[in-house]
Amino acid sequence: MSDDVTRIVGERDLDDTRFDADDARAALRDIVRTRRFDERALALQRRGWMSGYPPYEGQEAAQVGAAHAMRDDDHLFPTYRSNALQIARGVPMSDILLFRRGFAEYHSDHDVPVFPQAVPIASQIPHAAGAGMAANYADEDWAALVCFGDGATSEGDFHEGLNFAGVFDAPTVFFCENNGWAISLPRERQTASDSIAIKADAYGIDGVQVDGNDPLAVRAVVADALASARDGEPVLVEALTYRRGAHTTADDPSQYRDGEPDLPEWRLRDPLDRFAEWCEAQGVVDGDFLEAATEDANEELADAVETAEDAPPRARGDVRLPVRVAPGGRPAPARGGPAGRRRAPETYELER
Ligand SMILES: Cc1ncc(C[n+]2csc(CCOP(=O)(O)OP(=O)(O)O)c2C)c(N)n1
Ligand SMILES: [Mg+2]
């Protein structure tokens, strides 16, 4: 591992960090919660409960660490892969399940400032730079954190977003989860750049690398990046992690992944096992912790699945309802009428 990659697990004791036992336990608990969510969501998809699901197994530590670094008023711009980050941030599991089941309105309007998850690669990056600029114009001091993958850094939107942020001192943190793959394309064939972090240089902002399978290292690096962004210096953070599963439930990695890649062990190892072992060695959890955290997560998941299953099915004509809601918008009129008789989109309000 390069000396420039920040890490705590395996290198330092908890006492030599800015974190305490509660912080470590909170991280481990959320990694367990989000791992259980991922496993359950995959199983639900397999039995036809939802049409597709993008698993994030292996990336929980990066996402939980970033979520725990954010302030309540910081704005999150997630992708389809960032569900652990959203859950650790406070988005209800049932909202994510409902969105995946086709209820588009559960994509947004959460109690925490979280934008809809982006599927068009990198499209959310200029939005987040713009949101940071808006915070400056409004004289508010929250920051934006935008998630994306290694593949997204080959898109024009990535470069435009970083350029705007650098020029306009936007309080935006660009959080790249480098999981080694963009669907079937390995990182080495995605970009000839030495790293993702180095791409920040071109835009006059800082770029840093962190061990993305170490939640406390990610939390420390992202917290510093957010503080710097709030002072007008945006940062690109490259969290080095690994996509252990398929790209989505429509993908078969055995078609393009031949054995273990040539990456260091810390990057390939399961972040849950690795962090749990470290927490035990540091004396912050005992042998029962994982079992209790798993039971709590299972209960939360059972409630979330029940909530999602209780949502009334949509009428066929609802597919034409817009999802935008204007302030003061009124309930949608009778469903499925002829297009010419539908109201202007601004007057619809979807009921939850
Ligand atoms: C603009 C655009 N081009 C292509 C795609 C198809 N696509 C979906 S995911 C993906 C790979 C993204 O890889 P990466 O940015 O590394 O994110 P990861 O899936 O690994 O989290 C591509 C090309 C898309 N969704 N949007
Ligand atoms: Mg990737």
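Two residues are taken to be in contact if their C-beta atoms, placed from the backbone, lie within 7 Å, and axes are lines fitted to C-alpha atoms, for helices over the stretch in contact, with angles running from 0 to 180 degrees between N-to-C directions. Helices (H or I, at least four residues) and strands (E, at least two) are DSSP runs, numbered from the N terminus. The model is predicted, local features requiring pLDDT of at least 70 and side-chain atom pairs pLDDT 80 or more, whereas totals for chains, interfaces and linings use all residues. Residues are numbered from 1 along each chain as its sequence is written, and chains are lettered from A and ligands numbered from 1 in the order in which they are written.

An open sheet is formed by 6 strands in the order E1-E7-E8-E4-E3-E2, with parallel pairing, where two strands pair if DSSP finds at least two bridges between them. Its edge strands are E1 (5-6) and E2, each of which pairs on one side only.

Strand E3 is joined by 6 bridges to the parallel strand E4 (residues 172-178), with glycine 149 opposite glutamate 177. The chain passes from E3 to E4 through helix H6 (residues 156-168) in a right-handed β-α-β crossover, a term that applies if, with the strands pointing away from the viewer, the path from the first strand over the helix to the second runs clockwise. E3 also pairs in the parallel sense with strand E2 (residues 75-77) over 3 bridges, and histidine 75 stands opposite alanine 144. In a regular strand the side chains alternate between the two faces of the sheet. In E3 both faces are covered, Ala144, Val146 and Phe148 on one side and Leu145, Cys147 and Gly149 on the other all being buried (20 or more other C-beta atoms within 10 Å of the residue's own, C-beta atoms being placed from the backbone).

Strand E7 (206-211) has 5 of its 6 residues buried; it pairs with E1 in the parallel sense over 2 bridges, valine 5 standing opposite glutamine 209, while 6 bridges join E7 to the parallel strand E8. H8 (residues 215-230) lies across E1, E3, E4, E7 and E8 (235-240), at about 170° to E8.

Ligand 1 is surrounded by 15 residues, the closest being Ile121, Gly149, Gly151, Ala152 and Ala182, where a residue is near if its C-beta atom, placed from the backbone, lies within 6 Å. The elements contributing two or more residues to this shell are E3 (144-149) and strand E5 (181-182).

Terms used. Buried ≥ 20, exposed ≤ 12 C-beta atoms within 10 Å, placed from the backbone.
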